[in-house]
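Q: I am new to reading protein models. Could you walk me through one, feature by feature?

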Amino acid sequence: MEKCPDCGAPDPVHDTHGVSYTYKDRHTTIPSVSGYHCVQCGGVALDGAAVERFDELVARFHRRVDGELADPAYIAAVRRRLRLDPSEADDLFGTDTGAFASYEAGKATPHPSTIKLLQLLERHPELLDELHG
Ligand SMILES: [Zn+2]
């Protein structure tokens, strides 16, 4: 391979090593990835034989992150950090009465938009004021 398909840098190196991967702000390293690795952008053109395994590991990571984000303990931790009680959280997020209590008891799974808003507020708690507005 003469140049990186992502950034055009010359001479990507054929090698097998871990590749960092990010999904929903969660980072991991996919181990032992065979292909042409670009030193400039970190991109990798996978070997044909490596594609299936790579896709499987990525899918597994996605499932793990999605599971963690819908995890009752995570939801409760962020809500507490925002200094909301469960019913205030329902008001603010526009969820049904009792919804947060159900999420935190593991009896219901929040809609992806609720998770996204939680993540956003986890990173930018100052935005809470705008929701109150
Ligand atoms: Zn590159």
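Q: What should I know before I start?

A: This is a predicted model, where local features need pLDDT of at least 70, side-chain atom pairs count only at pLDDT 80 or more, and totals for chains, interfaces and linings use all residues. Residues are numbered from 1 along each chain as its sequence is written, and side-chain values use heavy atoms, with hydrogens and water left out.

Q: Which atoms coordinate the zinc ion?

A: Donors are N, O and S atoms within 2.8 Å of the metal (3.2 Å for Na, K and Ca); water is not among the atoms, so sites may look incomplete. Here the SG atoms of C4, C7, C38 and C41 coordinate the zinc ion at 2.3 Å. Along the chain, these donors follow the spacing C-x2-C-x30-C-x2-C.

Q: Why is the arrangement around the zinc ion tetrahedral?

A: Four donors count as tetrahedral if all angles lie between 85 and 135 degrees. The four donor atoms here subtend angles of 106 to 115°, so the arrangement is tetrahedral.

Q: Where do the domains lie?

A: Domain bounds come from an automatic or database domain assignment. That assignment gives domain 1 (13-63) and domain 2 (70-132), and their C-alpha centres lie 33 Å apart.

Technical notes: Tetrahedral: all angles 85-135°; square planar, octahedral: opposite > 155°, others 65-115°.
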